[in-house]
Amino acid sequence: MSYHDLPDDIRTRPLHEAGLQGDVIDLVLGIEERRSGAVALMVCDEDDRGLQPLVLSDLPEDASVADLVRLLDLLLPMVGEAGGAILVGRGRRRGLLPSDLDRAWHQATIDACARYGVRLLGFHLASPYGVAALPPPLREAS
C-alpha cells in the first residue's frame with residue numbers, strides 16, 4: 001500500500017490500522033526527508049484522527065535519543081492535555097530493518113508517551129524502499 005491508497009474519508013478515520021498508519025507515514029515523509037533521517041509526528045485528536053503532521057528534517061539519521069526526548073518533552077504535554085495521540089515515522093537512508101538506535105528511539109517514544117499520558121498509535125521506519133511498523137509495546141501486543 002501507499003499514500004495513493006488512502007481512503008477519501010481519511011480525516012475522519014481513526015489511525016488504528018497498521019496499513020493505514022503506514023500509508024499516512026508514506027504521505028508525510030517524502031523520499032528526501034527519509035534519506036536525511038527526518039522524523040514525522042502525526043498529532044491526533046482524542047479519537048485518534050490525524051490533526052497535524054509535524055516533520056523535522058534537520059535531524060540527522062544518527063541523532064541521539066536525547067535529541068528525540070527533548071522534542072517529545074516539548075510536544076507531548078500539549079497532546080496529553082488534549083487527550084490526544086501520536087503516530088511516529090523515522091526516516092532512514094536505506095533499508096527497513098531496525099538498528100539498535102531505531103529500537104532505542106522506539107523505546108524512548110514509548111516511555112515519553114507513557115510519561116505524558118499520550119497514546120502511541122504506531123512507530124514506523126520509512127526509507128525510499130517503503131514503510132515498516134515496529135512492534136507495539138508488549139502490554140498492547142498481548
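Is Arg 90 buried or exposed at 1% relative accessibility? Arg 90 counts as buried, where buried denotes a relative accessible area under 20%, exposed over 50%, and partly exposed in between, computed with a 1.4 Å probe on protein chains only. The model is predicted, so that local features need pLDDT of at least 70 and side-chain atom pairs count only at pLDDT 80 or more, while totals for chains, interfaces and linings use all residues. Residues are numbered from 1 along each chain as its sequence is written, and side-chain values use heavy atoms, with hydrogens and water left out.

Side chains of opposite charge can pair when their charged atoms come close. A salt bridge is defined here as a side-chain nitrogen of Lys or Arg within 4 Å of a carboxyl oxygen of Asp or Glu. Eleven salt bridges are present in the structure. One of them joins Arg 90 to Asp 102, with an N to O distance of 2.7 Å. Arg 90 belongs to strand β3 (residues 85–91) and Asp 102 to helix α4 (residues 100–116), so this pair ties together parts that are twelve residues apart in sequence. Helices (H or I, at least four residues) and strands (E, at least two) are DSSP runs, numbered from the N terminus. Asp 102 is buried, its relative accessible area being 1%.

Two further salt bridges were examined within helices. In the pair formed by Arg 35 and Glu 32, the closest N and O atoms are 2.7 Å apart. These residues stand three residues apart in helix α2 (residues 31–35), and are therefore separated by about one helical turn. Arg 35 is partly exposed at a relative accessible area of 34%, whereas Glu 32, at 54% relative accessibility, is exposed. Asp 67 and Arg 70 form another salt bridge, at 2.3 Å from N to O. Both residues lie in helix α3 (residues 65–81), three residues apart, which corresponds to about one turn of the helix. Asp 67 is partly exposed, with a relative accessible area of 28%.

His 124 is buried, at 2% relative accessibility.
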